[in-house]
Amino acid sequence: MQEIAALLLCKLGGKSGSADEIKAVIEAAGGEANADQISKLVGDVEGKDVNELLAEGMDKLKDVPMGGGGGGGDAAAEEEEKEEEEEEEAGDAPVVDMFGADDGGDY
């Protein structure tokens, strides 16, 4: 994966994306370059336009189901909160004098 990222950085920087350039980018970032993976990548993209490869990849991704069918969970949580609030309102505690005076006289 780091090889692909390094290739894209080279292309963005106006470089050709040779094996040596990819290796230099990876090592400059503190990574360890894998010569076998770099040479395979360079061989796979040789003669191809990176922008076209990215566009083809995006076309393939549009058919992949993403996200989930989990929507609607918030509505149930909101309704549950409303029920709790209503229960709390119905069960208000009686007002009691904090100091124990039952006559309600002057302090």
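In helix H1 of this predicted model, Glu3, Ala6, Leu7 and Cys10 are buried (buried means under 20% relative accessible area, exposed over 50% and partly exposed in between, with a 1.4 Å probe and protein chains only). These four residues cover an arc of only 100° around the axis, which puts them on the same side of H1; the arc is that of the directions from the helix axis to the C-beta atoms. Leu9 and Leu12, on the other side of H1, are exposed. The buried residues of H1 pack against H2 and H3, where contact means heavy atoms within 4.5 Å. Just after H1, Gly14 takes a positive phi of about 85°. Helices (H or I, at least four residues) and strands (E, at least two) are DSSP runs numbered from the N terminus.

The model is predicted, and local features need pLDDT of at least 70, side-chain atom pairs count only at pLDDT 80 or more, and totals for chains, interfaces and linings use all residues. Residues are numbered from 1 along each chain as its sequence is written, and side-chain values use heavy atoms, with hydrogens and water left out.

H1 (residues 2–12) packs with H2 (residues 19–28) at an angle of about 110°, the axes lying 9 Å apart. Axes are lines fitted to C-alpha atoms, for helices over the stretch in contact, and angles run from 0 to 180 degrees between N-to-C directions. The two helices, H1 and H2, are therefore roughly perpendicular to each other (65 to 115 degrees; under 35 counts as roughly parallel, over 145 as roughly antiparallel and the rest as oblique). H1 contributes Gln2, Glu3, Ala6, Leu7, Leu9 and Cys10 to the contact, and H2 contributes Glu21, Ile22, Val25 and Ile26. Apart from its neighbours within four places in sequence, Ile26 is in contact with Gln2, Glu3, Ala6, Gly31, Glu32, Ala33 and Ile38.

In H3, Ile38, Leu41 and Val45 are buried. Viewed down the axis of H3, the buried residues fall within an arc of 65°, so they line one face of the helix. Ala35, Asp36 and Lys40 are exposed on the other side of H3. The buried residues of H3 pack against H1, H2 and helix H4 (50–61).

The largest nonpolar core comprises 8 residues, namely Ala6, Leu7, Cys10, Ile22, Ile26, Ile38, Leu41 and Val45. Such a core is a set of buried Ala, Val, Leu, Ile, Met, Phe, Trp, Tyr and Cys residues joined through side-chain atoms within 4.5 Å. At least two residues of this core come from each of H1, H2 and helix H3 (35–45).
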